[in-house]
Amino acid sequence: MFKEVADIKTSDQLDLPVPEADFQTIVVQPSEIQKEMVASLSERAAKVHAGAVDASVDNMLCITSDGRKIGLDQRLMNPLLPDDPGSKLNACVNNVFQIWQDGVSDRTTQLLFCDMSTPKGDGSFNVYDDIRGKLEAMGVPHEEIAFIHDADTEVKKKDLFAKVRSGQVRILLGSTQKMGAGTNVQDRLIAAHHLDVGWRPADMTQRNGRIIRQGNQNKRVQIFQYVTEGTFDAYLYQTLENKQRFISQIMTSKSPVRSCDDVDEQALSYAEIKALCAGNPLIREKMNLDVEVARLKVLKSDHQSQQYRLEDRLLKHFPQEIERTTANIRGFETDIQTVAAHPLPTEKEQFVGLELRGQQFTDKAKAGEALLAACKAYHGTEPMHLGSYRGFQMELSFDSFRQEFDLTLKGAMSHRLTLGTDARGNLIRMDNALAGIPARLEKAQEQLTNLENQREAAQQELGKPFAQEAELREKSARLAELDAALNMDDSPASAREDGDRDADSDTESRPSVLADLRSKAATLSPRKPGEQQHSEEVL
């Protein structure tokens, strides 16, 4: 339905003069403290999963939010923690300073995007102030660094954008919401930095659209994406990729799918928390298989629907259309014979005659005037019978939408024409309508041929199996295997099989979540690309 009404133009179709972007992903290793923090999230998730903690105290959304903070900077969890020199925050600062230094002569500019830890102005730790402080310590002038949050009015924002375009402000920090759509500062932009990732592909598109934009003086720009390994960053980018795959199916119009699923801001599931915390390599394979199996199921559903449609067309549509078209052909052939039996006179001024409301007209001019008079005498909305012409019955009607009179010549088929104000011209239109019957016959014969060809093609397609059935079966089996290994099918109720058991003793007897996951993962090796699934493994 969306494609029926949407006029989609993608960037590759528009081919606008925008700079070429060089995307770079900077992967940094987590500190020992970050590793311990991520592992602790699993214990929190286990308590939430078992219902051992009230939702107002802790829940999966809070765990997800904390996971994002840990991936950005450990000091967001506790400002007293040390500044890790190997964090992605410091990696970003180093890149920004190097690019700032290289662009001094041209006064190139940079954008830094971070949706979390925005400045509050209360002296608490935040990423923005930390980055500015480090850049100033390296030698970047204070006035060349700005926060979009400081421009809290339209006048201030307009002034700030002008300074960035001119190169007075060379480093601008902001969030997607405040520095996304409507931010026209592309003139000197040479680099954009993503310290975190949004939940929607549109967020990243808006960010990158600030630099990959018409009017940028630089022919080539750099876009940096910073990821902390072993944290939620990997999951967030994977989620973003999954969403974009579905969105691309609509925006490119190259997929036969009829529906798409999307997940907006969400909390991680229990099993995904466990897998991320344990550093399990199976999680990525599982997430990829989730997308692939969903895609194949949609394709299979579309194939089945197509088979039902073919069966319906073979049983109803084609027989009805072929019968109707065949009847039309016979009707056109009969009308051609009627026209041949009432030919036009050989002399130009002679008139074949016209019977109108019981009166016979042999003079062309009078016949035309009588026809116009019949139009003026027309009342009501129902078609009115007028008489006959060359073996065809005449019927007059008025189209209130077009505000015009229509005359229908009825034989075996109906031949409609629009009447004008010229008396003689209307008679010529009537003759032209009858002369056009052979063309309508030819068109009906072509339509009959097409219908028969379509019916034959539908008969050949009907009953064909889904071409990717084996692939779907194999990947579904592998996904089920991974689900079992990652404990995806556990429900909160199954974690507490004995309702009468004391909660404290049950918690003590339950094995460690991480230990349980590692023991299961040890028995299952990740699938290598291109590796085939054996039937014995599936069974």
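1. Let us start with the overall picture. The protein chain has 539 residues, and buried residues make up 41% of them. Its secondary structure comprises 19 helices and 12 strands. Counting contacts between residues at least 6 apart in sequence, 71% join residues at least 24 apart.

2. Next, a word on confidence, since the model is predicted. The chain averages a pLDDT of 82, and 79% of the residues score at least 70. Over residues 261-270 the pLDDT is below 50, and this stretch has 26 contacts in the model beyond near neighbours in sequence. Residues 488-514 also have a pLDDT below 50, with 24 contacts in the model beyond near neighbours in sequence. Please read both places with care.

3. Strand 2 covers residues 109-113 and pairs with strand 5 in the parallel sense, over 5 bridges. Within that pairing, Leu111 has Ala192 of strand 5 as its bridge partner. Strand 2 also runs parallel to strand 4, and 4 bridges join these two. Here Phe113 stands opposite Gly174 in strand 4.

4. Now follow strand 4 to strand 3. Strand 3 (residues 145-147) and strand 4 run parallel and are joined by 3 bridges. One of the pairs to look for is Ile145 with its bridge partner in strand 4, Ile171.

5. Which way do the residues of strand 4 point? In a regular strand the side chains alternate between the two faces of the sheet. Strand 4 spans residues 171-174; Ile171 and Leu173 point one way, while Leu172 and Gly174 point the other way. All four are buried, whichever way they point.

6. Strand 5 (residues 189-194) is mostly covered, with 6 of its 6 residues buried. Strand 5 and strand 6 (residues 220-228) run parallel, joined by 4 bridges. In this pairing, His193 has Phe224 of strand 6 as its bridge partner. To get from strand 5 to strand 6 the chain goes through helix 9 (residues 201-208), and this β-α-β crossover is right-handed.

7. Helix 5 is worth a quick check of its geometry. At 1.5 Å a residue, the 15 residues of helix 5 (residues 88-102) should span 21 Å. The end C-alpha atoms are 21 Å apart, so the model agrees with that expectation. Several residues of helix 5 are buried, among them Leu89, Cys92, Val96, Phe97 and Trp100.

8. What about the cysteines? A search of the whole structure finds 0 disulfides. Cys114 is in no disulfide, and the nearest cysteine sulfur, that of Cys92, is 8.9 Å away. Cys114 has a relative accessible area of 3%, so it counts as buried. Cys375 is buried too, because its relative accessibility of 9% is under the 20% cut-off.

9. Gln34 is a polar name to look up inside helix 3. 

Gln34 is found in helix 3 (residues 32-50). Is Gln34 buried or exposed? Gln34 is buried, because its relative accessible area is 4%. Leaving aside neighbours within four places in sequence, Gln34 is in contact with Ile70, Gly71, Gln74, Asp84 and Thr228.

10. Arg390 has a positive phi of about 50° although it is not a glycine. Arg390 lies in the loop between strand 9 (384-389) and strand 10 (392-399). Gln403 is another non-glycine residue with a positive phi, near 60°. Gln403 is found in the loop between strand 10 and strand 11 (404-410). Arg390 is buried, with a relative accessible area of 8%, whereas Gln403 counts as exposed at 54% relative accessibility.

Methods: Residues numbered from 1 in each chain as written. Predicted model: local features only at pLDDT ≥ 70, side-chain atom pairs only at ≥ 80, totals over all residues. Heavy atoms only, no water. pLDDT = per-residue confidence, 0-100. Contact = heavy atoms within 4.5 Å. Disulfide = S-S within 2.5 Å. Buried < 20%, exposed > 50% of the residue type's maximum accessible area, 1.4 Å probe, protein only. Expected span 1.5 Å × (residues − 1). Pairing = 2+ DSSP bridges. Right-handed = clockwise from strand over helix to strand, strands pointing away.
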